[in-house]
Amino acid sequence: MAPSFDLEGPQRFAAIENSLANLSGKVLSERLKTLEEEGIVERKVYPEKPVRIEYSLTEKGHELAPLLENIAKWASRWIELPDDSDPK
């Protein structure tokens with residue numbers, strides 16, 4: 001089954017991290033910074049205690065949605081995921 005992408009509305013770091021298996025928080029943080037620099041993701045900091053940070057797609061990012069959906073469909077058809085019940 002392909003991963004689902006929630007492309008609507010802002011997302012907090014933990015929610016993004018939890019939706020991506022096998023990706024460390026450090027790598028995710030680096031990727032989000034790169035996406036922000038490219039104008040694909042917007043980072044909004046709320047000056048609360050504790051600080052709240054949300055990420056959302058820009059217009060440029062939303063235009064990638066059809067591509068991501070097609071990649072997810074392709075992956076669900078052609079990439080076999082390991083069986084989690086298989087004790088290796």
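The side chains of Glu-48 and Arg-52 meet in a salt bridge, with N and O 3.0 Å apart. A salt bridge here is a side-chain nitrogen of Lys or Arg within 4 Å of a carboxyl oxygen of Asp or Glu. Arg-52 also pairs with Glu-54, at 2.9 Å from N to O. Side chains of opposite charge can pair when their charged atoms come close.

This is a predicted model, in which local features need pLDDT of at least 70 and side-chain atom pairs count only at pLDDT 80 or more, while totals for chains, interfaces and linings use all residues. Residues are numbered from 1 along each chain as its sequence is written, and side-chain values use heavy atoms, with hydrogens and water left out.

**Salt bridges**

The structure holds three salt bridges. The table lists them.

| Pair | N to O distance |
|---|---|
| Glu-48 and Arg-52 | 3.0 Å |
| Arg-52 and Glu-54 | 2.9 Å |
| Arg-31 and Glu-30 | 3.9 Å |

Exposure is given as relative accessible area: buried is under 20%, exposed is over 50%, and partly exposed lies in between (1.4 Å probe, protein chains only). Glu-54 is buried, at 13%. Glu-48 is partly exposed, at 37%. In the remaining pair, Arg-31 is partly exposed at 48%, and Glu-30 is partly exposed at 36%.

**Fold**

The protein has four helices and three strands. Helices (H or I, at least four residues) and strands (E, at least two) are DSSP runs, numbered from the N terminus. Along the sequence the pattern reads β-α-α-β-β-α-α. The protein has 88 residues, and 16% of them count as buried. Contact means heavy atoms within 4.5 Å. Among contacts with a separation of 6 or more, 41% join residues 24 or more positions apart. The protein exposes about 7400 Å², of which carbon and sulfur atoms supply 55%. Accessible areas come from the Shrake-Rupley method with a 1.4 Å probe; for residues, only the protein chains shown count as cover.

Ala-14 lies in helix α1. Ala-14 is partly exposed, with a relative accessible area of 43%. Its C-alpha is 8.7 Å from that of Gly-25, 11 residues apart along the chain.

Asn-22 sits in the loop between α1 (13-19) and α2. Its phi is near 60°, a positive value in a residue other than glycine. Asn-22 is exposed, at 83% relative accessible area.

Helix α2 covers residues 25-37, 13 residues in total. From first C-alpha to last, α2 reaches 18 Å, close to the 18 Å expected at 1.5 Å a residue. That expected span is 1.5 Å times one less than the number of residues. Just after α2, Gly-39 takes a positive phi of about 80°.

**Nonpolar core**

Which residues make up the largest nonpolar core? There are six: Ile-16, Leu-28, Leu-32, Ile-40, Val-41 and Tyr-55. Such a core is a set of buried Ala, Val, Leu, Ile, Met, Phe, Trp, Tyr and Cys residues joined through side-chain atoms within 4.5 Å. Leaving aside neighbours within four places in sequence, Ile-16 is in contact with Gln-11, Leu-28, Leu-32 and Tyr-55.

Glu-63 is in the loop between α3 (59-62) and α4. Glu-63 counts as exposed, at 58% relative accessibility.

**A cis peptide bond**

Lys-49 and Pro-50 are joined by a cis peptide bond, with omega about -5°. Pro-50 lies in the loop between β2 (41-46) and β3 (52-57).

**Nonpolar surface patch**

Leu-64, Leu-67, Leu-68 and Ile-71 make a nonpolar surface patch of about 330 Å². Patches are made of residues with over 30% relative accessible area and no salt bridge; like charges are joined within 9 Å, and nonpolar side chains (Val, Leu, Ile, Met, Phe, Trp, Tyr) within 5 Å. Leu-67 is found in helix α4 (residues 65-78). Leu-67 is exposed, with a relative accessible area of 52%. An α-helix has 3.6 residues a turn, so residues three or four places apart point the same way.
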